[in-house]
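Please keep the sequence and the structure in view while reading.

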Amino acid sequence: MQPKSFIKTLTIIHGSLCIGLGVFGAFAYLQNGSFAVTTDSNDVFIYIVPIIAIASYFGSKFIYQNLIRNLPKGEPLTTKLQRYQLTSILKYALIEGPSFLALFAYYNSGNAMHLVIAISLLIYLFFQRPTWEKLKSELPLSLEEEKEFDTLKQ
C-alpha cells in the first residue's frame, strides 16, 4: 500500500462516515422538526445518550492514543499504514456510533439535547480527518520513511 493511496482511501472512508451522519441528521430533523428540550422521565435516552457520547469521546481518544503508541518502529511502512488505518477507522466508529444513537433518539423524541449531542460528535468526527501532517506526526517513522512521505506529498 502506497502512502498516497492510503491517505486517499482513509479520506474517502472518513468523508463517507461524515456525509452519512449529516444526511441522517438532516433526515431526522426534517421528519421531526421539533427543537425543544424536554425532561420526560419515561425517555431512557435522556440518560443513555449523554453518557455514551462522553464515553465515546474519551474512549476513542484513549484507545487511539494507546494503539498508535504501541506501533513498533521497526515494522515496514506498509504494516504501519495498515495498522494506522485500522486504528483510525476504529476511532471513527467509536465516534459515529453514539452520534447515530443520538440522532435516532432525537428522531424518536424530538428532544433538542440529542440533536445537539449528535451535531457535536459530528463536528468532532469531521476534525479527525486524516491529513499528511497528522500521519507523519503520529506514526513512528524512520528518516527514510519521512523522506518518502515528503516526496509523495508534493
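This is a predicted model: local features need pLDDT of at least 70, side-chain atom pairs count only at pLDDT 80 or more; totals for chains, interfaces and linings use all residues.

## Helix α2 and its buried face

Helix α2, which covers residues 45-69, contains 25 residues and reaches 35 Å from its first C-alpha to its last, close to the 36 Å expected at 1.5 Å a residue. Its buried residues are Phe45, Ile46, Val49, Ala53, Ser56, Ser60, Tyr64 and Ile68, and these pack against α3 (77-109), α4 (112-126) and α5 (132-138). As a general point, an α-helix has 3.6 residues a turn, so residues three or four places apart point the same way.

## Helix α3 and the residue that follows

Helix α3 has 33 residues, and the 48 Å that it reaches from first C-alpha to last is close to the 48 Å expected at 1.5 Å a residue. Serine 88 is found within this helix and is buried, with a relative accessible area of 1%. When residues up to four places away in sequence are not counted, serine 88 touches Leu10 and Tyr64, and Tyr64 is itself one of the buried residues of α2.

Just after α3, glycine 110 takes a positive phi of about 80 degrees. Asparagine 111 then caps the N-terminal end of α4, with a side-chain oxygen lying 3.1 Å from the backbone nitrogen of methionine 113.

The 15 residues of α4 should span 21 Å at 1.5 Å a residue, and its end C-alpha atoms are 21 Å apart, which agrees. The buried residues of α4 are Ala112, His114, Leu115, Ile117, Ala118, Leu121, Tyr124 and Leu125.

Methionine 113, whose backbone nitrogen takes part in the cap described above, lies in α4 and counts as partly exposed because its relative accessibility is 26%. Methionine 113 touches Ile46 and Pro50, residues up to four places away in sequence not being counted. Methionine 113 and valine 37 are 76 residues apart in sequence, yet their C-alpha atoms are 6.2 Å apart in space.

On the α3 side the contact involves Tyr92, Ile95, Pro98, Ser99, Ala102, Leu103, Ala105, Tyr106 and Ser109, which meet Ala112, His114, Leu115, Ile117, Ala118, Leu121, Leu122, Tyr124 and Leu125 in α4.

Helices α2 and α4 pack at an angle of about 10 degrees, with their axes 10 Å apart, and this makes α2 roughly parallel to α4. The contact is made by Phe45, Ile46, Val49, Pro50, Ala53, Ser56, Tyr57, Ser60 and Lys61 of α2, together with Met113, His114, Ile117, Leu121 and Tyr124 of α4. Residues of α4 including His114, Ile117, Leu121 and Tyr124 also meet α3, and these four are among the buried residues of α4.

## The loop between α4 and α5

Threonine 131 is found in the loop between α4 and α5, and it counts as buried because its relative accessibility is 18%, where the cut-off for buried is under 20%. A polar atom of the threonine 131 side chain lies 3.2 Å from the backbone nitrogen of lysine 134.

Definitions and conventions. Residues are numbered from 1 along each chain as its sequence is written. Side-chain values use heavy atoms; hydrogens and water are left out. Helices (H or I, at least four residues) and strands (E, at least two) are DSSP runs, numbered from the N terminus. The expected span of a helix is 1.5 Å times one less than its number of residues. Buried means under 20% relative accessible area, exposed over 50%, partly exposed in between (1.4 Å probe, protein chains only). Contact means heavy atoms within 4.5 Å. A polar contact is a pair of N or O atoms within 3.5 Å; within protein, one must be able to donate a hydrogen and the other to accept it, and residues adjacent in sequence count only if both atoms are side-chain atoms. Axes are lines fitted to C-alpha atoms, for helices over the stretch in contact, and angles run from 0 to 180 degrees between N-to-C directions. Angles under 35 degrees count as roughly parallel, over 145 as roughly antiparallel, 65 to 115 as roughly perpendicular and the rest as oblique.
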